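Subject: A structure to look through

Hello,

I am passing on the structure we talked about, together with my notes on what was found in it. Please open it first and keep it beside you while you read.

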Amino acid sequence: MSDSHHDGHNTFPVADKVSEFEVLELAVRELCIEKGIFSAEDHRTFAEWADGVGPHGGSKLVAKAWADPAFKERLLQNGTGACKEVGIDWLHPTGTGTPSDYTFFYVLENTPRVHNVIVCTLCSCYPRPVLGMSPDWYRTPSYRRRMVRRPREVLGEFGLHLPPDVEVRVHDSNQKSRFMVMPMRPEGTDGWSEEQLAQIVTRDTMIGVALPKAGRTEDSGSLAAQKVGIKG
């Protein structure tokens with residue numbers, strides 16, 4: 001794979017107005033509360049859980065897979081089952097009886113010849129139990145539309161330029177299936193503990209728009225400050 005690891009990348013700007021999906025979510029939420037499907041307290045509890053998850057679970061999964069070949073094999077064969085080994089239960093993710101985000105969960109392994117990236121072309125399907133809430137740019141129509149049509153161009157806008165001989169595979173998340181990328185372990189990490197490895201497995205590396213690098217422990221670039229132009 002490319003040796004051109006980057007220290008930062010540009011991302012899409014945050015939308016300035018409420019999207020049609022946010023309006024729809026609010027309407028459906030209020031209707032569900034009115035009909036007694038769940039209570040406002042249930043929604044608050046779930047929202048607080050979702051906001052607090054973050055990508056730490058996914059980072060632990062990747063770090064453990066890098067360090068333990070047997071676990072890596074289990075993770076690639078049965079993502080939901082392997083998640084339980086690090087304390088993530090897709091059937092009961094919140095531990096409070098609130099709505100489950102259960103679905104089929106697949107981990108996609110990057111190799112020197114294949115680079116995976118995830119998108120949801122319909123809305124914003126995302127593996128929340130392992131990555132938390134999706135970033136704003138993941139939900140933009142531009143990312144959803146263009147990633148499946150011109151993935152190399154979009155990756156380049158994030159600062160990720162892959163060699164021509166690396167195949168880019170785009171995986172479309174949906175109601176039934178969620179995906180997470182297992183990036184390649186970078187050079188310079190021999191002898192590292194799982195805790196050290198987990199620190200360099202950032203959210204964007206598990207979406208597939210960045211590569212991990214020894215010494216970089218967070219995703220670079222401010223959505224609000226970058227003001228990167230979105231091509232049509």
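Which helices do the buried residues of α2 pack against? I come back to this question below, after a few words on how to read the values.

This is a predicted model, in which local features need pLDDT of at least 70 and side-chain atom pairs count only at pLDDT 80 or more, while totals for chains, interfaces and linings use all residues. Residues are numbered from 1 along each chain as its sequence is written, and side-chain values use heavy atoms, with hydrogens and water left out.

Of its 232 residues, 44% count as buried, where buried means under 20% relative accessible area, exposed means over 50%, and partly exposed lies in between, for a 1.4 Å probe and protein chains only.

Now to the question about helix α2, which covers residues 40-53. Its buried residues pack against α3 and α6 (128-131), a contact being heavy atoms within 4.5 Å. The buried residues in α2 are Phe46, Trp49, Ala50 and Val53, and they lie on the same side of the helix because they cover an arc of only 95 degrees around the axis, taken from the directions from the helix axis to the C-beta atoms. The face turned away from that buried side carries the exposed residues Asp51 and Gly52. The 14 residues of α2 should span 20 Å at 1.5 Å a residue, and this agrees with its end C-alpha atoms, which are 20 Å apart; the expected span is 1.5 Å times one less than the number of residues. After α2 comes glycine 54, whose phi is positive, near 70 degrees.

Helix α3 is largely enclosed by the rest of the structure, because 9 of its 12 residues are buried; among them are Gly57, Leu61, Val62 and Trp66. Leu61 also belongs to the largest nonpolar core, which has 46 residues, and it is one of the five that touch the most other members, along with Val130, Tyr143, Met180 and Val209. Helix α3 (residues 56-67) gives the most to this core, with 5 residues. A nonpolar core here is a set of buried Ala, Val, Leu, Ile, Met, Phe, Trp, Tyr and Cys residues joined through side-chain atoms within 4.5 Å.

Strand β2 (residues 114-119) is mostly covered, with 6 of its 6 residues buried. Val114, Asn116 and Ile118 point one way, while His115, Val117 and Val119 point the other way. β2 pairs with strand β3 (residues 167-172) in the parallel sense over 6 bridges, two strands being paired if DSSP finds at least two bridges between them. In this pairing, valine 114 stands opposite glutamate 167.

Finally, a search of the whole structure finds 0 disulfides, a disulfide being a pair of cysteine sulfur atoms within 2.5 Å. The sulfur of cysteine 120 has its closest cysteine sulfur in cysteine 125, but the two are 3.8 Å apart, so they are too far for a bond. Cysteine 120 counts as buried because its relative accessibility is 0%.

Best wishes

Conventions:
Helices (H or I, at least four residues) and strands (E, at least two) are DSSP runs, numbered from the N terminus.
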